[in-house]
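The points are numbered and may be taken in turn.

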Amino acid sequence: MAPNSVVVTMEKPNSFAIVEINASDPLFPDKEKAASPKQFTWLLLLKVYKAFTCISWLATAFKSMLISIKKRKMSEEEEEEPRTRGKLYRFINVFLVISVVALVIEVIAHFKNWNLNVLSPLEIQGFVHWLYMACFSFRVNYLAPLLVMLSKFCTVLFLIQSLDRLILCLGCFWIKFKKLKPQINGEAYDIEDPSSFPMVLVQIPMCNEREVYAQSIGAACELDWPRDRLLIQVLDDSSDGNVQLLIQDEVSSWRQKGINIIYRHRLVRTGYKAGNLKSAMGCDYIQDYEFVAIFDADFQPNPDFLKQTIPHFKGNPEVGLVQARWSFVNKDENLLTRLQNVNLCFHFEVEQQVNGQFLNFFGFNGTAGVWRIKALEDSGGWLERTTVEDMDIAVRAHLNGWKFIFLNDVKVLCELPESYEAYKKQQHRWHSGPMQLFRLCLPAIITSKISIWKKANLIFLFFLLRKLILPFYSFTLFCIILPLTMFIPEAELPLWVICYVPIFMSLLNILPSPQSFPFLVPYLLFENTMSVTKFNAMISGLFQLGSAYEWVVTKKTGRSSESDLVAFAERESKEKIILRTHSDSGLELLSKMKEEEGTPVIKKKRNRLYRKEVALAFLLLTAAARTLLSAHGVHFYFLLFQGLSFLVVGLDLIGEQVS
């Protein structure tokens with residue numbers, strides 16, 4: 001009897017026989033239809049068609065991407081330093097070629113089911129099999145032990161740095177729980193007696209800041225402080241003659257309104273910002289002033305800024321610096337500014353606040369701060385030896401015993417870089433300068449009279465852990481070691497290194513800006529993507545390469561300044577009223593004004609090509625393809641998305657493009 005038969009027995013007086021009903025009987029037409037060979041063939045053809053369509057789409061997308069890369073490579077201008085970029089770029093390319101060759105050999109070995117334990121030369125089949133076995137032997141005996149050692153070393157550094165972050169977060173939680181904040185000693189200044197207010201100097205260094213010069217000058221001139229006790233210095237290093245005239249006109253208009261403001265321009269721009277500030281502090285009238293407030297060209301302090309900061313010096317003769325927090329007017333403009341906001345919120349809310357509360361020391365942010373002039377003079381003044389003159393003067397003041405205060409509740413509006421090009425150049429300067437400074441000031445730290453604990457904090461935590469180790473392990477562990485382990489499985493990284501700990505640390509970084517929680521994964525991927533720029537900058541500063549002394553003024557868009565100009569126009573003439581929503585930016589408002597005036601707003605944009613990021617993208621994607629042969633789930637997804645994030649950044653598809 002067939003196994004798919006159904007037997008029905010009917011017992012009746014007439015003795016019916018046994019009836020068999022087979023599954024192929026016409027009584028079951030649906031089952032017969034499902035088993036139709038013709039339908040099965042069409043199903044197979046449909047699946048093959050879908051597979052070919054998917055492959056064709058991927059091939060077309062890959063071809064378009066290669067054409068786009070080729071065009072940008074041909075049209076791009078060389079903006080990066082040739083020496084350091086060339087060495088790192090060549091290293092990545094060699095690594096990429098080796099990975100592609102290894103992937104091809106691994107694919108062949110996978111489909112031919114070659115046994116890795118074959119030892120007899122007689123069992124080797126052909127040259128490719130021999131090459132595969134030779135690579136396997138070299139990998140097991142030489143590469144794997146070295147990679148295991150390096151991965152363990154980087155993992156230890158990763159855990160130490162993560163522990164430091166965790167301790168900083170616990171310190172921040174303690175400050176919030178205990179509601180700790182700097183207190184003002186003594187009584188406030190007598191409003192009715194202007195002579196009781198100290199003499200304050202306000203300095204605004206700028207260089208070709210066409211987009212934002214008016215907003216910074218206007219904000220400084222509106223500071224609520226007795227006019228005879230306040231002097232504003234506009235320190236212009238602009239090389240553009242038209243910009244110089246615009247700034248001079250702005251200064252003259254405020255001077256006519258009774259503001260004590262001075263315009264200074266240097267003919268030779270030596271020492272960049274440090275040289276500009278040093279030149280301004282050399283004026284004879286500086287000796288009449290007790291404090292100096294510094295604002296970069298895109299910063300807009302509130303009118304009560306001085307009244308919130310200067311009183312902290314009163315009754316505290318050992319306080320040399322009071323630093324305010326930055327607040328960003330364009331933090332929601334694009335994905336790039338949102339991710340920057342996460343980083344800087346953690347920097348101010350956690351790092352600066354905890355160090356200021358418990359150590360009375362942190363790195364000066366270069367702007368939105370007030371210095372006691374005596375502290376600057378005792379520390380040697382502004383020096384032109386590095387591109388991080390703000391950190392330089394802070395370290396020297398700390399070595400001379402001066403204390404710092406950070407005010408987390410005093411915020412100054414400023415602007416974030418909106419293009420990846422501007423952000424990359426800013427990060428290069430911020431990460432090469434500290435290594436320059438570390439080489440220069442290490443002897444002074446060792447021979448200083450501060451306590452051993454403060455020396456250890458400066459050397460091991462402030463410089464080595466947060467400025468050197470962080471970019472080193474980020475780039476080495478996630479961009480070099482992790483792809484290598486896919487081809488050398490003997491050194492495979494555990495899941496908690498590539499998944500659990502990084503996600504937990506990224507979650508801690510996002511806590512100061514909870515509205516950015518949906519960007520947790522993009523933030524983690526973007527930080528790893530930026531590691532190549534930070535690592536390159538760190539190496540440049542540590543070994544004093546040519547790019548270590550490169551200073552490029554961060555490109556501004558003037559979004560906030562345009563909003564101020566619109567508001568000014570509304571106050572001066574009530575003829576036009578432009579309604580601004582919360583989502584409108586300064587550029588959008590300016591566009592509305594120009595459209596009403598009949599002026600077309602045309603802004604040509606182009607994408608750049610960042611070769612190191614693109615090469616690393618293909619390297620990580622190659623490693624992701626290798627994981628498919630060994631069924632590494634989490635490793636595959638991490639390498640895939642990390643490679644795609646490198647590709648997005650390398651093709652300049654994040655942030656606004658610059659013309």
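Predicted model: local features only at pLDDT ≥ 70, side-chain atom pairs only at ≥ 80, totals over all residues.

1. Strand β3 (residues 200-206) pairs with strand β4 (residues 230-236) in the parallel sense, over 7 bridges. Within this pairing, Leu201 has Leu231 in β4 as its bridge partner. In general terms, strands of a sheet pair through backbone hydrogen bonds, either parallel or antiparallel.

2. The next points concern helix packing. Two packed helices are described by the angle between their axes and the distance between the axes. Helix α13 (residues 452-487) packs with helix α14 (residues 495-510) at an angle of about 160°, and their axes are 12 Å apart. Angles over 145 degrees count as roughly antiparallel, and α13 and α14 are therefore roughly antiparallel to each other. The crossing in which α13 passes α14 is left-handed.

3. Which residues of α13 and α14 meet? From α13 come Leu477, Phe478 and Leu482, and from α14 come Val497, Ile498 and Pro502. By class, this contact of α13 with α14 has 6 nonpolar residues, with no polar and no charged ones.

4. Helix α13 also packs with helix α15 (residues 520-542): their axes come within 8 Å and cross at roughly 130°. The two helices, α13 and α15, are therefore oblique to each other. Here too, α13 passes α15 in a left-handed crossing. On the α13 side the contact includes Lys467, Leu468, Pro471 and Phe472, together with Ser474, Phe475, Phe478 and Cys479. These meet Asn528, Ser531, Val532, Lys534, Phe535, Met538 and Leu542 in α15. The residues of the contact of α13 with α15 divide into 10 nonpolar, 3 polar and 2 charged.

5. The axes of α9 and α15 come within 11 Å and cross at roughly 85°. Consequently, α9 and α15 are roughly perpendicular to each other. Leu336, Leu339, Val342 and Asn343 of α9 make the contact with Pro522, Tyr523, Phe526, Glu527 and Lys534 of α15. By class, the contact of α9 with α15 divides into 6 nonpolar, 1 polar and 2 charged residues.

6. The last point concerns charged side chains. Side chains of opposite charge can pair when their charged atoms come close. The structure holds 20 salt bridges. In one of them, the side chains of Arg466 and Asp164 meet at 3.0 Å, N to O. This pair links distant parts of the chain, 302 residues apart, with Arg466 in helix α13 and Asp164 in helix α4 (residues 126-178).

Technical notes:
Residues numbered from 1 in each chain as written. Heavy atoms only, no water. Pairing = 2+ DSSP bridges. Helix = DSSP H or I, 4+ residues; strand = E, 2+ residues; numbered from the N terminus. Axes fitted to C-alpha atoms, helices over the stretch in contact; angles between N-to-C directions. Parallel < 35°, antiparallel > 145°, perpendicular 65-115°, else oblique. Left-handed = near helix turned anticlockwise from the far one by under 90°. Contact = heavy atoms within 4.5 Å. Nonpolar A, V, L, I, M, F, W, Y, C, P; charged D, E, K, R; others polar. Salt bridge = Lys/Arg side-chain N within 4 Å of Asp/Glu carboxyl O.
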